[in-house]
Structures are given as structure tokens and as C-alpha cells.
Amino acid sequence: MANRSDVIETTVISTRIRLARNFSGFPFPSKMNDACAGDLVQLVAEGLKKIDPYQYKRYDIGKLSESEASLMQEQYLISPALLKRVNGGAAFVSLDGAVSIMVNEEDHLREQYICKGLDLYKAYERLSALDDGLSSVFDFAFDEKLGYLTACPSNLGTGMRASVMLFLPALSKSADLKRHIRELRRRDMTLRGAFGEGSSAEGYLYQVSNERTLGWSEQEILEQVTEVALWLCELEKAERQRLIETEETELRDRCLRAYGALTNCAILSLDEFLCKVADVRVGILFGFLKETDSQKFDEFLDDMRPAAFCLNNNLEGESERFCNEVRAETVGSVLPKLVRVVRRGDR
């Protein structure tokens, strides 16, 4: 079976650091009127220009089309909560798309940085540099005992959430998953779906993050989340080994059936695609299927997200039935070029 570094590479998708900050002298967003919220957005825009006038692009929520807003949410640049702030909600996104600053979500600022792989310290360094720059321009609400003051008490203290996105197909099937989740809670950690609180674990994707921000330093949070992410990788590794030893034929059958259905259908709903492409990824993981180009396969998965797919194929306003037909045709045409079946004798 794969060694530890291989398992980390095939399990960890991305790393994210998020900081919650609020301005002294302003009410929390839930208590703000639209005029005050708009003033705050402009204040942030002017502050960012002082730090780096060419680094960030501004997106006002009320000016985004529905498809643009959905696309930004798919890219984890904005949250569903920010989308509700039609008046006075905004996001500033770095030109490389790695950093986003949401304005007037639950807190005045939600700064976040996302990078591929397991690298919480790299993510923290970049976001901390941005936060230091903002702190030099703005007066953030801070208490000597409670730390950064936030709209939700669970974010008091550092105001920092560190999270790691994980691909856990084997652990998802484990009867011990609920016990592991209880253990995470005992350690002040949480395991959620790919899009955060309240979301399901689509395609075996989970986010592990710290629940505690008060009483822990930034360094302690980074250490704890890294440790837990590695622990989950080890659990996933053990479950993968168990599956290949006890259910290899059944596992192979499920993955190949998923690949066959995706490459030989005329109608393909989004739910069916997400379910079956997850099993294609599992097939790649276990060697039943092989990518011809891993980067292009990842790009293909990104392009098949609902909003991206709709925009790329000019499907706005089209019926669900027509979209399902185009999806089937697209997947049937593209997927065989990116992934092939590995026969037993070829392994």
C-alpha cells in the first residue's frame, strides 16, 4: 500500500486559513443599515489601495449576476451568507484568486487564503501578512482578555479558523466514522462537508477545522489542525488497505460501472455525475483507472461544477433536461481522453 506521503498527496485537497475581524466604532453587520454597510465597503477599498493598489479586484454582491455569484461560491471565494447581503456586501479577491476578503458577512471582514495540499503554515504566513497590513490601516475591535471581538462568540480570541479539505472515500464507508467524529469534537475540532457548516460530504470531500479560537494561539491552532489532518490521513490509509484486502472485486466493479455509465449515457443529472465521478476518483486512487493527465483531469472536474458548466456552455435559461443532455455529451466526449481503464494484466 502507499506510504504516508503518497496517502497525504491523494487525501489532502487543499488548505484554508480564515480570519474574522471587526472595526472599532461600527455595529456588527447584522445591526448595520445599508448606508453604513456601504460606507464600510468603501473604507475597506480605500484601505486595500494603501496596502497594494493593484492587488485586489472588487465584487459588489448586488451587482453580480446569479451565475457569477454561484461561480464565486463554487470557487470558495464567497459564502452563502454573504450572498444574502445584496446591499452592502462585497468581496475583494486577489488577482491570483488565492485570497479573498468578504466584507459585511457575519463579521465586518472575513479574510481567507486557500492553497493546494497540506500547508497550513504557508497559508497562515500569507494571510497574516495581509492582516498585519490591514491592522496598520484600520483599528480592529480587540480586548486584552477576549482577543478579537466577533459577532459570534465561537470566533472570539484569535478569530482564526484553519481547515483542511480531505478526500475520504474509504473512511466515509467506515462504521467507525461517527466514533472518529466524536473524538474530533473532544479535541475541539469539527468535520463538515466541502462547503462548510450545514453542507453534505459531496464526493467524499470533508473539511476538518478547529472549533476553538479562544484560549489557543495561532501557532497552537496550526499545530492541532495539522495533527488532526495527518491522523485522518492515517485512518483513511488503514481503511483503504482493509477495502483492498476484503472487497477489491466489489470495489473495482463499482468504480468501473461508474466510469462506464459516465462515458455511455445520453442524460446525466448533476447528482448522478457527482456520485459517479467520485467513484471514478476512487478507481484512480486504487489503480483500477488511470489518468492520462492529472492536471487536465482536475481542470475538467472544476469545469463540471454547476455554475462553471453553465457559463462555459452558454446554458443560462436552458431547461434542466437540456443541461443534462449537454452534460452527458460533454462527459462522454472528454472523460475517455483523460481517464482509461486499467485491466488486471496491465497493473
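1. Glu183 has a relative accessible area of 24% and is therefore partly exposed. The classes follow from relative accessible area: buried is under 20%, exposed is over 50%, and partly exposed lies in between (1.4 Å probe, protein chains only). Arg186, at 58%, is exposed.

2. This is a predicted model, in which local features need pLDDT of at least 70, side-chain atom pairs count only at pLDDT 80 or more, and totals for chains, interfaces and linings use all residues. Residues are numbered from 1 along each chain as its sequence is written, and side-chain values use heavy atoms, with hydrogens and water left out.

3. What joins Glu183 to Arg186? Their side chains form a salt bridge, 2.7 Å from N to O. A salt bridge here is a side-chain nitrogen of Lys or Arg within 4 Å of a carboxyl oxygen of Asp or Glu. The two residues are about one helical turn apart, because they sit three residues apart in helix α7 (residues 177–186). Helices (H or I, at least four residues) and strands (E, at least two) are DSSP runs, numbered from the N terminus.

4. In helix α9 (residues 248–263), Arg257 and Asp253 are four residues apart, so about one helical turn separates them. They form a salt bridge in which the closest N and O atoms are 2.8 Å apart. Arg257 is exposed at 58% relative accessibility, while Asp253 is partly exposed at 38%.

5. Asp279 and Arg254 also form a salt bridge, with 3.2 Å between the closest N and O atoms. This pair links distant parts of the chain: Asp279 lies in helix α10 (residues 270–286) and Arg254 in helix α9, 25 residues apart. Asp279 is buried at 7% relative accessibility, whereas Arg254 is partly exposed at 30%.

6. How many salt bridges does a search of the whole structure find? The search finds 19. Glu105, Glu106, Asp107 and Arg110 are linked in a network of salt bridges. As background, side chains of opposite charge can pair when their charged atoms come close.

7. A disulfide is counted when a pair of cysteine sulfur atoms is within 2.5 Å, and by this rule the count is zero. Cys115 is in no disulfide, and the nearest cysteine sulfur, that of Cys233, is 14 Å away. Cys115 is buried, with 8% relative accessibility. Cys265 is likewise in no disulfide; the nearest cysteine sulfur belongs to Cys275, 13 Å away. Cys265 is partly exposed, at 27% relative accessibility.
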